[in-house]
Each structure stands twice: as structure tokens, then as C-alpha cells.
There are 2 protein chains.
Amino acid sequence: MTTCTALHLEGMSTLRFALAQIDTCVGDLDGNAEKVLTYTRRAHEGGAGIVAFPEMTLTGYPIEDLALRATFRKAAWDTANELAATLADEGLGDMYVVAGTIGTDHANGKPRNRLVVLHDGVVWAGYDKHFLPNYGVFDEFRIFSSGDRPVVLDIDGVRVGVAICEDIWQDGGPVAALADLGIDVLLTINGSPYEEGKTHTRFELGARRARETGAPMIYINQVGGQDDLVFDGGTFVIDTDGTLLERSPMFVEDLSWFDLDTEAKHQRTTTVADDLDPDAEVYMACVLGLKDYMTKNGFTSVTLGLSGGIDSALVAAMAADAAGGDAVYGISMPSMYSSDGSKDDAADLAANLGAHYDVQPIEPLFDAFQHQLHLEGVSAENLQARIRGVIVMAYSNSKGALALATGNKSELACGYSTIYGDAVGGYAPIKDVFKTKVWALARWRNRAAAGGIGIGGLRVVGNEEGAAGVMPEGGVIIPVNSIEKAPSAELRPGQKDSDSLPAYALLDKVLEAYIEHAHGRADLLADGFDEQTVDTVMRLVDRAEWKRRQYPLGPKVSALAFGRDRRLPVTDAFRE
Amino acid sequence: MTTCTALHLEGMSTLRFALAQIDTCVGDLDGNAEKVLTYTRRAHEGGAGIVAFPEMTLTGYPIEDLALRATFRKAAWDTANELAATLADEGLGDMYVVAGTIGTDHANGKPRNRLVVLHDGVVWAGYDKHFLPNYGVFDEFRIFSSGDRPVVLDIDGVRVGVAICEDIWQDGGPVAALADLGIDVLLTINGSPYEEGKTHTRFELGARRARETGAPMIYINQVGGQDDLVFDGGTFVIDTDGTLLERSPMFVEDLSWFDLDTEAKHQRTTTVADDLDPDAEVYMACVLGLKDYMTKNGFTSVTLGLSGGIDSALVAAMAADAAGGDAVYGISMPSMYSSDGSKDDAADLAANLGAHYDVQPIEPLFDAFQHQLHLEGVSAENLQARIRGVIVMAYSNSKGALALATGNKSELACGYSTIYGDAVGGYAPIKDVFKTKVWALARWRNRAAAGGIGIGGLRVVGNEEGAAGVMPEGGVIIPVNSIEKAPSAELRPGQKDSDSLPAYALLDKVLEAYIEHAHGRADLLADGFDEQTVDTVMRLVDRAEWKRRQYPLGPKVSALAFGRDRRLPVTDAFRE
């Protein structure tokens with residue numbers, strides 16, 4: 001790591017950075033380039049000399065195996081060149097536009113995760129990501145080859161060191177090299193998915209890297225949902241002493257500013273957004289994930305079963321916040337075991353949300369099947385759930401609405417659901433939310449409504465052009481009954497979740513230790529959980545994991561089957 | 001790469017290798033250890049001084065994220081030690097038992113893909129895999145850390161160099177180091193999944209490595225299905241001049257022998273199995289994949305819809321070959337659009353196979369739904385398929401039978417199937433078989449039956465204790481009508497696949513280029529396909545891939561959700 005690239009721009013004493021926290025779409029080269037153009041115009045109007053965008057701006061992120069298509073890489077490269085020319089044609093050629101894209105390693109033909117600078121009508125300097133994360137949701141080492149050159153942009157004597165996401169999470173590598181080279185500011189572009197509690201981890205990391213390089217660190221993160229990931233944005237600038245100099249709001253697109261004065265001892269703090277309530281944060285992440293999933297996949301409405309229970313109520317509220325109550329088709333599908341209270345709660349919820357509401361009793365359908373099949377026990381319970389699945393999919397097909405699965409993480413982890421039944425759906429908004437958190441989110445949503453702040457007022461969703469969101473007259477969104485009653489699948493008389501599962505307050509703690517922290521049996525006992533609970537939960541989770549893996553598997557007999565290389569033949573929207 | 005480990009055994013002029021091509025099960029430490037013990041006894045009885053097993057013998061392969069559980073690694077290590085002690089107790093302590101397992105890199109706590117030698121009651125030398133494949137179905141770099149020491153076992157002056165699978169597929173690394181150190185034989189243990197045409201690629205590679213090291217190469221591969229992979233075995237020994245010295249049969253467990261005489265100029269050829277017919281090879285791979293999926297997941301029977309079409313007929317024949325006709329529950333589910341011919345063909349097939357056969361008309365159920373839903377067009381077509389899905393799952397639940405999805409690769413690639421309808425099933429035996437190949441396999445299966453060789457006679461499946469298989473009186477398994485009639489989903493009057501798809505002979509060629517070879521649009525046109533066909537196929541495949549990805553997605557809000565880390569909470573059968 002010895003080379004560095006220098007760019008010179010004369011006549012500035014301070015350098016104004018515009019930080020563009022935008023929502024990109026994987027594969028949509030034209031749409032992403034258009035957004036870069038729009039935000040660069042605004043950055044220029046605001047007096048910035050440099051505008052920076054998130055990781056892999058032009059291609060979208062995470063790109064997965066789409067990166068392996070040479071035709072896509074060529075199209076991305078053409079897009080960057082055309083964008084640079086367009087910027088110059090519009091009189092924006094003097095701006096330094098820092099954006100992410102994909103490159104090719106000419107030594108071996110492998111893709112590179114690349115940062116480029118568009119300036120003066122052309123694609124200038126390039127920096128290739130060095131550390132390629134290969135854990136959790138990340139598969140970058142599988143896809144990309146690693147860059148090995150640090151890059152410093154010298155803009156009117158201001159030395160801007162650049163890095164991409166994982167580069168700042170690992171010690172050594174490009175940040176250490178930049179510290180040796182000497183920089184005035186560390187500019188990082190990121191595609192960092194949301195996790196509960198991650199914000200302050202990022203601040204601590206940023207402060208450490210700022211100290212290490214002796215320069216403030218700019219952290220620009222993408223925002224928005226992409227497939228099953230949600231990016232929270234939360235762009236910030238942090239000084240070497242740990243002072244937050246700028247902090248953008250989470251879960252919305254944003255353009256913020258940072259004026260670097262290399263003469264000043266300390267940078268001046270501009271706007272700093274507040275911390276969000278932890279429940280608000282998760283709620284907004286779920287709503288944004290759903291909203292973007294709909295937008296990026298061309299859906300304008302959703303459909304789901306409304307049982308009167310808390311899970312479907314919360315999902316319906318999220319859907320109404322994402323797309324408006326009028327975009328929600330709720331279906332009550334009572335059986336002979338559904339209580340009157342459940343039916344009333346479902347109807348109340350739909351009214352509160354302004355959602356469409358149909359009643360489709362399943363008893364006649366159940367009788368027709370049973371006339372031929374004569375099922376008993378769990379088979380008969382599953383039959384009820386699967387009839388409901390068929391109805392939900394019928395609404396989905398005939399209305400073009402996205403079917404939502406309403407399962408929560410606790411029941412999915414324990415396999416307490418019916419495959420092809422209540423598990424039916426193209427998107428599962430609360431699949432990563434434990435049951436105890438489901439209750440907390442429902443209460444938070446009602447508090448937000450009762451407080452008169454609503455979701456439109458909170459601007460929790462949507463881009464800067466505004467957001468959907470419901471604000472009922474009474475101030476209550478989710479019926480109190482749905483929150484307070486004992487959970488039941490209502491598939492046989494008097495059934496309760498607690499017949500089959502430990503109490504959720506306990507269950508969720510065990511699940512968190514077993515799933516999130518990978519504690520084994522001995523660890524769980526050492527955590528203080530009793531042996532019977534531990535064995536029950538482990539058995540349920542292992543069996544559910546096994547069942548999940550069953551659908552759908554088949555043998556691989558060719559060089560490339562479906563499944564593993566899951567993104568290879570994806571949307572050729574770029575069509576060469 | 002400078003160290004080498006030396007073991008000494010006195011008093012041998014030639015060394016007899018036993019090559020144990022066995023079928024392991026991921027996570028089943030006890031079962032895998034028991035199998036090593038059994039084969040070591042037989043190796044000893046046969047006069048071998050050394051017996052070698054496939055990659056990751058004790059843990060099973062591919063182990064995926066199960067490797068990340070420290071409790072599992074500890075249990076695997078304990079198993080290896082106990083096995084070494086048991087071998088010594090049984091008087092087998094003088095054998096050198098070469099097996100694969102999992103280790104831990106003490107520098108960073110990461111798992112290692114390890115070869116161990118059990119000898120004299122203890123776990124002796126260890127070699128850690130150097131090259132970790134990270135493409136296609138492989139994720140090893142994600143999971144393991146890389147070994148950096150070549151190992152030579154010196155057994156009575158015979159220098160045995162060892163390597164694990166990918167180590168021989170990459171130039172340099174351990175094989176190059178072994179060539180420098182000087183060895184008498186290169187012993188490789190492998191977990192190499194089946195692909196059409198891969199056998200001769202392996203022979204060429206083996207001959208190259210034998211030349212490079214100046215020593216014959218032993219290639220031991222695992223056999224059997226594991227999740228969606230099928231391992232074909234096909235163990236062999238190849239000399240430096242490319243002569244095959246030994247070749248085990250494919251798709252069965254096997255113990256073969258190789259006598260190494262370091263004085264002899266050329267090794268003597270022992271048993272060399274013949275090439276299989278290419279259609280026989282794929283058929284056997286599919287049957288073995290299904291058979292092992294059933295065995296390893298505790299199923300003894302299967303259920304599927306029998307439409308009278310070729311796909312369900314072929315799948316039913318495979319199932320009968322895997323588990324016996326009596327283990328197959330076939331369900332004819334005629335609608336108002338099903339032809340009499342289709343119903344007859346389904347009944348004939350079931351009779352040929354000796355399968356259970358029920359008729360469940362869907363018209364009364366369809367009418368009951370339509371009384372409430374009033375669906376039209378594609379929604380009504382999907383409803384029929386989904387009613388069938390509910391019936392198949394009802395049989396699966398009430399009989400404990402594995403539901404089989406009967407879709408082929410061509411229709412799945414084009415999205416010509418109904419989610420939650422005909423796509424229902426825990427295993428899809430022909431999901432990686434193009435439609436033209438489906439016809440070829442059906443004709444091959446009938447030829448095999450007509451030739452009187454049957455599947456039992458061919459021993460295509462099962463371990464050495466024998467195989468299932470059907471052999472009907474008439475010599476025809478799959479009704480000729482099912483093979484010869486024009487394919488139809490029979491969901492509306494007069495419907496034909498060719499209404500929606502290009503002719504399969506053309507379609508499959510385009511799909512192969514687009515999916516298997518990742519050709520882009522310009523490449524496909526250069527391949528000589530016409531523009532309209534190319535655009536139709538690309539649109540269908542892209543849309544199908546998009547739909548496949550939809551089910552089921554949801555946001556990730558915690559450090560570890562389901563999905564990506566898909567094996568972490570899997571069967572803790574090892575329970576510490």
C-alpha cells in the first residue's frame with residue numbers, strides 16, 4: 001500500500017461536503033444514476049465542493065451474484081461515464097462526486113467493490129474496497145477481489161482519505177495506511193444494515209478511527225430496504241475527540257452538510273439528530289423494509305389475514321403506515337373455533353386503519369375438504385390454516401396485492417406455524433421480531449397515535465417528499481384486546497399458545513441466547529435457565545430449523561442449479 | 001510451508017491401502033464414527049495397513065454454519081478420541097485410519113477443515129485444508145480458516161502426502177509443497193458433489209497432480225445425498241502416466257484396495273469400473289439424493305400428485321426405486337379439465353410401480369371456494385393447483401410421508417408453476433433436470449426395465465446391503481402416453497405448455513446458456529438464438545427468479561435472523 005492518487009482544486013480555504021444519504025435499488029442503474037444527479041444539483045446549489053454517496057451507489061447494494069455478470073459490470077461502467085458527462089453538460093463538472101459502483105480486477109476478471117470520483121466530465125480516481133466481509137449477511141469475499149491501494153484525494157490542499165464500509169471495521173489495512181500518509185478528513189461510504197443498538201457502536205468506531213488518523217471521520221450510510229435487509233442511514237461526522245459534528249436522521253433520505261476548515265483546531269457542530277426510542281427504531285425499520293420491498297418490486301397494495309390477534313394487527317398497522325390504509329386488504333377468516341371477540345377486534349382494527357375488510361368464513365370450505373379427507377388432530381388444524389393460505393393467495397392474485405405473512409420470530413423459531421398456511425406470503429414484516437417485542441411495538445404505536453404525533457408527523461417513513469401513515473380520530477390504532485388477551489391460534493376449542501410453548505417472557509430470553517448468541521446447552525444452563533425449558537426450546541428450534549430447510553430442496557446435478565447462486569439470473573433491467 | 005510430520009511403521013515392503021467410499025450424515029457424530037469403525041474392521045480383515053475415508057468423515061459434509069458452534073467442535077473432537085481408543089481396544093490400533101473432521105484454529109478460534117490419523121489409540125497427525133472453496137455451492141472460506149502446513153506420513157519408509165479436496169484443484173499450495181518434499185503416493189480425501197460430466201475432469205486433474213508429484217494419486221470421495229447435494233463417490237487411483245489403477249462404482253458405498261509397491265516401476269491395475277450411460281448417471285443421482293434425504297430426515301414414505309403427465313410419473317418412478325412402490329402414496333386429483341387419458345395414465349403408472357393410489361376429485365372443493373371468491377383467469381387456475389397442494393400436504397401430515405414437488409428445471413426456471421400449488425413439497429427430485437432430460441430419463445428407465453436389468457439388478461441405489469427398485473411384469477414402468485403426449489397443465493380447456501413457452505427443445509438450450517453459462521443478451525444472440533426467443537426466455541427467467549426470491553422475505557433487525565446463517569441452530573443431535 002504505497003501509491004496514492006492526488007487531485008488538485010485551487011482557491012478554497014474551507015471545503016464544504018454534502019452528505020447524500022440516499023435509497024438505491026439493486027440493478028436499477030438508470031434510477032440510481034438519476035438520483036445521484038438530483039442530489040448533486042442540490043449539493044451544488046448548497047455551495048458544496050464535494051458530494052458523497054453510499055457504498056455501491058450506482059449498482060445498489062447488496063448486489064450478490066449479480067456482480068458476476070460481465071454484461072452488468074460493463075453496463076455499470078457505461079452508466080458512470082455517461083453520468084460524469086451529464087454532470088459536466090449541466091455545469092456541475094467542477095463538483096467532486098464520490099460514488100460507489102462495481103469494477104473489474106483486470107488481473108483475474110473478478111469484480112471489485114469500487115469508489116469512484118466523477119469530475120470534469122470523466123470518471124477520475126478509483127479506490128477498491130480492501131476488507132471484504134464474509135460473515136452474517138455478508139458474502140463479499142465470495143464475490144469480489146480485494147483492493148490494495150490507499151487513495152488520498154487532494155482537493156485544494158485538503159487531503160481527503162477514502163475508505164469503504166468494512167475497511168473501517170478492521171484494524172490495519174487502508175485506514176492504517178491513510179494515517180501514515182496523513183489526511184485532513186476520513187471520508188467513508190457505507191452499506192451498513194440496521195441492527196438494534198448498532199448506532200452507538202458506529203459512533204465509538206468512528207471516534208477510534210478519527211483518533212487513529214488524526215482527522216474527523218465522515219460516515220455516509222445508505223438508507224432503505226433491499227430484499228431482507230434494512231439500511232438505517234444515520235450518517236454522521238465525528239471529531240477526533242469523539243464530538244458528533246453532524247448526525248442525519250435515521251430511516252429517511254437526507255442531504256446534510258459539513259464544512260471542513262483545516263485551520264480550525266476544532267470543527268463546529270452543525271445539526272445533530274436525537275436518539276430514537278428503541279421501540280420506535282425497530283418499528284420504523286420494519287415499516288421502511290416493507291415500504292421499500294413494495295416499491296422496488298412494483299406492489300402498491302398488500303393483503304393479509306386479520307385474526308384479531310396481535311401479530312396480524314401489528315403487521316396491518318405497519319402496512320398502513322407504509323402504504324396507507326386504503327392499500328391494505330384485510331381478510332377475516334373465522335372458523336368454528338374463532339371467538340366473537342377476535343372477529344370484533346379484527347373489524348375494529350380495519351376501521352382504525354381505514355383498511356379494506358372482508359369476511360370469508362372457512363367452515364364451508366373445511367367441511368368440503370373433510371367430506372373427502374376425514375383428517376384428525378394436527379392435520380385438521382393445519383387444514384384450517386392452509387385454507388386461509390389459499391384465500392390470502394387468491395386475494396393476492398386477483399388484486400395484484402403483496403401477500404403478507406404475519407408470523408413473529410418466537411413462533412417461527414419454534415415452528416409454531418403451518419407451512420403453506422399462516423406462513424403464506426411474499427414478505428414477513430415481523431419475522432425477526434420476538435413476541436415480547438411485538439407487544440412492545442404495538443403499545444409504542446398506540447402511544448405515538450395517542451400522543452397526537454402520528455406517523456405522518458413523525459415522518460418515520462418515506463423520503464423527503466413525505467410519508468404515508470394513519471392517524472385515527474380516537475388515537476388508538478391497535479385494539480387493546482388484541483394486545484392484552486392470551487395468544488391463541490384458535491385452531492381447536494380453548495387452544496392457547498401456552499399449551500405448546502413456554503411463556504413468551506421466558507421463551508424469548510432462551511431464544512435470544514440460543515439463536516443470537518449461539519449458546520449451547522451447557523451455556524444455556526449456565527445462563528440460569530432450567531433444564532426442562534432449555535431442552536424444550538432446543539428441541540423445538542432444531543426441529544423448526546429442520547422443517548424450514550426442507551422447503552424446497554432437491555438434488556443438484558448440473559454445474560449451476562437454483563438456490564446457492566441465487567442472484568445470477570436476476571433482473572436484467574440493465575439489458576445491454 | 002516448511003514442517004512435515006513423520007510417522008514410522010517398521011517391516012513392510014508394500015503398503016495396502018483400503019479406500020472407504022462411505023455415506024456420512026451431517027451432525028451425526030456417533031453414526032459416522034460407527035461407520036468408520038465398521039469399515040476399519042473390514043480393511044484390517046482385508047490386510048490393509050492404512051484405511052482412508054472422505055473429507056469431514058466424522059462431522060458429515062457440507063457442515064455449513066454448524067461448524068461455528070464451539071460445543072459441536074468439542075463434541076467432534078471427543079468423538080475422534082473415543083474412536084481412536086475403541087479401535088485400539090478392538091486390536092485395530094496398528095491400523096492407520098485417515099479420516100476427516102473439524103478442528104479449531106487456536107490463533108483465532110475459527111474452525112478448520114481437518115484430516116486426522118487415528119493410530120495406536122490416539123489421534124495422531126493432523127493436516128488442515130489449505131484452499132477453501134468459496135464459489136458455487138461452496139462457502140468454506142466463510143466458515144473455516146486456512147491451514148498452512150503440508151503433511152507427509154512416513155509409514156515404513158513409504159512417504160504418503162495428504163491433501164483435502166480443493167487442495168488438488170488449485171495450483172501451488174500443499175501439492176506443490178509435497179512435490180518439493182518428495183512423496184511416494186498422494187492421498188486425497190474429498191467431498192466433491194456430483195455434476196454431469198465431472199468424472200473425466202477429475203481423472204484429468206488426478207493425472208496432472210500425479211505427474212506433478214511423481215507419485216500415483218488416490219482420490220477418495222464421499223457418496224450419498226446431503227440436503228440438496230449428491231455425492232457420487234467414484235473413488236479412483238491414477239498413475240503418473242494417466243493409467244487408472246482402481247475405480248470404484250458410483251452412487252454406492254464401497255471398500256476397495258490399492259497395493260503400493262514403491263520398488264515397482266508401474267503399479268498394477270486392479271478393478272476399474274466402467275463409465276455409466278449419461279442418463280443412467282443422472283437418474284441414479286436423483287434417486288440417491290431422494291433416498292438419502294428420506295433416510296437422513298426420518299421419512300419412510302412419500303406422497304405426491306399423479307397427474308398422468310411425465311414429470312410426476314418420473315418422480316414417482318424415482319421414489320419407488322428409492323424406497324419401494326409400497327412407500328409411495330400417489331394421489332390423482334382430477335379437475336373438470338383433466339382428460340380421461342391423463343387419469344388412465346396415472347392409474348397405470350401407480351399399478352406398474354405397486355404404489356398406493358387414491359383419487360381425490362377437486363371439483364367439489366373448487367366449487368366451494370368459487371362460491372365465496374368468484375375468481376377468474378390465472379387466479380382460478382392457481383386456485384386449482386393450490387387445492388391440490390392442500391390435499392398433498394394433508395396426506396403428508398396424516399401419513400407422515402414426505403411430500404414431493406414434481407416440477408422440472410425448465411418450468412421452474414420460467415416460473416411456469418403455482419407457488420403453494422404444484423410447487424408444494426419438502427423435496428423436489430427433478431428440480432435440476434431440464435424437461436428434455438426428463439423425457440430422456442423416462443425413456444432410459446423404461447429401457448432398463450425392458451432390458452430385464454431392473455434397478456435392483458443394476459444396484460443403482462442403496463448401500464452394499466442391497467437396494468430397492470421395481471421390476472414390473474410387462475417391462476414398462478412409465479406409460480408411453482405420458483412420455484409422448486404434448487405437455488399440459490390441464491388448468492383450462494385445451495391448455496398446452498406451448499401456449500406459454502417456446503418449444504422445450506429450443507427453450508432448454510437457451511436456458512442452459514442463460515443460467516448455466518451466464519450468457520447475457522448479446523451473448524445469447526451471438527449463440528444464434530433469435531431475438532424474440534431470447535427476450536421471452538430472459539423475461540420469464542428474471543420474473544421467476546424475482547418471484548422465487550419473494551418467498552419468504554422479511555426484514556432483519558437483529559444481529560442474527562433466520563435465513564443467511566441458515567445452519568446455526570440446526571440439530572444439536574450431539575448434545576453435550
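A polar contact is a pair of N or O atoms within 3.5 Å; within protein, one must be able to donate a hydrogen and the other to accept it. With that in hand, the meeting of domain 1 and domain 2 of chain A can be described. The model is a predicted one, and five residue pairs in polar contact, both at pLDDT 80 or more, are counted between these two domains.

The domain assignment of chain A gives three domains: domain 1 (14-265), domain 2 (280-494) and domain 3 (502-551). The contact between domain 1 and domain 2 of chain A draws 22 residues from domain 1 and 17 residues from domain 2, while the C-alpha centres of the two domains lie 38 Å apart. About 1400 Å² is buried between domain 1 and domain 2 of chain A, and carbon and sulfur atoms give 52% of that area. On the domain 1 side, Tyr194(A), Phe251(A) and Glu253(A) lose the most area to domain 2 of chain A, together 34% of what that side buries.

Charged pairs also join the picture: two salt bridges are counted between domain 1 and domain 2 of chain A. Glu196(A) and Lys437(A) meet through their side chains in a salt bridge, at 3.7 Å from N to O.

As for secondary structure, α1 (29-45), β10 (223-226), β11 (229-232) and β14 (254-261) of chain A each supply at least two residues of the side of domain 1 that touches domain 2. Of the elements on that side, β10(A) gives the most, with four residues. By class, the side of domain 1 of chain A that touches domain 2 has 10 nonpolar, five polar and seven charged residues.

Notes: Residues are numbered from 1 along each chain as its sequence is written. Chains are lettered from A and ligands numbered from 1 in the order in which they are written. This is a predicted model: local features need pLDDT of at least 70, side-chain atom pairs count only at pLDDT 80 or more; totals for chains, interfaces and linings use all residues. Side-chain values use heavy atoms; hydrogens and water are left out. Domain bounds come from an automatic or database domain assignment. Contact means heavy atoms within 4.5 Å. Buried area is the accessible area (1.4 Å probe) that two parts lose on being put together, summed over both. A salt bridge is a side-chain nitrogen of Lys or Arg within 4 Å of a carboxyl oxygen of Asp or Glu. A polar contact is a pair of N or O atoms within 3.5 Å; within protein, one must be able to donate a hydrogen and the other to accept it, and residues adjacent in sequence count only if both atoms are side-chain atoms. Ala, Val, Leu, Ile, Met, Phe, Trp, Tyr, Cys and Pro count as nonpolar, Asp, Glu, Lys and Arg as charged, and the others, Gly among them, as polar.
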